[in-house]
Amino acid sequence: MDAIQDIIIDDTLRRMGEERFAGYLCHAWCYGGHAVFRRNGRAFTFQQGDCLIVPRRGDLTEGLRESPDFKVDVVYVTQEFIETATPRSNYGIRGHLALFHNPIMRLTPEQQQRCADNFAEIHRRLSMPQHHFYRDVLINAVQTMILDFFDFHAAQYGFDRISSQYHQLMESFIVMLEQGDFRKNRNLGYYADRLCVTPKYLSEVAKK
């Protein structure tokens, strides 16, 4: 495993729930075999041709088992670095909410190649610390990966522009979910009250 301050690369998912990765987002690309796990009470199979994005709180993933032929490329990125690299777009909140429900996206062959290329580019840039603009080229490589993930998601779920008001509300809501509040509080009114909106409004925004 190779590491720098903002980005860590790995070849297994087994370390995803470790405390040291609590502030990282996990991005994984499977190119062989499969892994099974449970997250948010649901069972998932992560297999060849899939990408996986787990936004922080890897400890919410349980019962991970990797097949003997499992091959995966994993890129952990700190929340701070992701915020720097993410383009000025509210689209990300839509993907974030969908990935909390299902962190796996099944990719077409063309999308798989783009994903593999993006991960390879991050590996390549990490190996160039002598570059005078090292952090900038890393930001560029991560941003390209993020934009392709947006594109993969939009191709599967459709593309709609999200208002800044909706974005801010859903971002706060997701933070509460990632903190594990949903394990003890399943009532919509609890979240609406904490976010200072009505349950009806929160429900309407989430659906949109």
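Q: How many residues does helix H3 have, and how far does helix H3 reach from its first C-alpha to its last?
A: Some ground rules come with the answer. This is a predicted model, in which local features need pLDDT of at least 70, side-chain atom pairs count only at pLDDT 80 or more, and totals for chains, interfaces and linings use all residues. Residues are numbered from 1 along each chain as its sequence is written, and side-chain values use heavy atoms, with hydrogens and water left out. Helices (H or I, at least four residues) and strands (E, at least two) are DSSP runs, numbered from the N terminus. The expected span of a helix is 1.5 Å times one less than its number of residues. Now the case. H3 covers residues 109-126, which makes 18 residues. H3 reaches 26 Å, close to the 26 Å expected at 1.5 Å a residue.

Q: Which residues of H3 are buried?
A: Start with the term. Buried means under 20% relative accessible area, exposed means over 50%, and partly exposed lies in between (1.4 Å probe, protein chains only). In H3 the buried residues are Gln-111, Cys-115, Asn-118, Phe-119, Ile-122, Arg-125 and Leu-126. Seen down the axis of H3, they fall within an arc of 130°, so they line one face of the helix. That arc is taken from the directions from the helix axis to the C-beta atoms.

Q: What do the buried residues of H3 pack against?
A: Contact means heavy atoms within 4.5 Å. The partners of H3 include strand S2 (7-10), strand S3 (24-32), strand S8 (71-78) and helix H4 (134-157). Strand S6 (50-55) and strand S9 (104-106) are also among them.

Q: Why is S8 described as largely enclosed by the rest of the structure?
A: Count its buried residues. Seven of the eight residues of S8 are buried, so S8 is largely enclosed.

Q: In what sense do S2 and S8 pair, and over how many bridges?
A: Two strands pair if DSSP finds at least two bridges between them. S2 and S8 pair in the antiparallel sense over four bridges. Within that pairing, Ile-7 has Val-77 of S8 as its bridge partner. S3 also pairs with S8 in the antiparallel sense, over eight bridges. There, Cys-30 stands opposite Val-72 in S8.

Q: How many salt bridges does the count come to?
A: Side chains of opposite charge can pair when their charged atoms come close. The rule asks for a side-chain nitrogen of Lys or Arg within 4 Å of a carboxyl oxygen of Asp or Glu. By this rule the count comes to ten salt bridges. In one of the ten, Asp-50 meets Arg-106 at 2.9 Å, N to O. This pair links distant parts of the chain: Asp-50 is in S6 and Arg-106 in S9, 56 residues apart. Asp-50 is buried, at 2% relative accessibility. Arg-106 is partly exposed, at 45%.

Q: Which residues do salt bridges that share partners join into one network?
A: Follow Arg-114. Its side chain meets that of Glu-110 at 2.8 Å, N to O. Glu-110 and Arg-114 are four residues apart in H3, about one helical turn. Arg-114 also meets Asp-151, at 3.0 Å, N to O. Arg-114 lies in H3 and Asp-151 in H4, so the pair ties together parts that are 37 residues apart in sequence. The network joins Glu-110, Arg-114, Asp-148 and Asp-151.

Q: Which residues in the largest nonpolar core touch the most other members?
A: In soluble globular proteins, nonpolar side chains tend to be buried together. A nonpolar core is a set of buried Ala, Val, Leu, Ile, Met, Phe, Trp, Tyr and Cys residues joined through side-chain atoms within 4.5 Å. The largest core has 28 residues, and Ile-7, Met-105, Cys-115, Ile-122, Val-142 and Phe-149 touch the most other members. Its largest share, ten residues, comes from H4. A second, separate core of 19 residues includes Cys-26, Ala-28, Phe-44 and Val-74.

Q: What is Ile-122 in contact with, leaving aside its neighbours within four places in sequence?
A: Ile-122 is in contact with Ile-7, Val-75, Leu-138, Ala-141, Val-142 and Met-145.

Q: Where is Cys-196 found, and is Cys-196 buried or exposed?
A: Cys-196 sits in the loop between helix H6 (188-195) and helix H7 (199-207). Cys-196 is exposed, at 70% relative accessibility. Cys-196 has a positive phi of about 65° although it is not a glycine.
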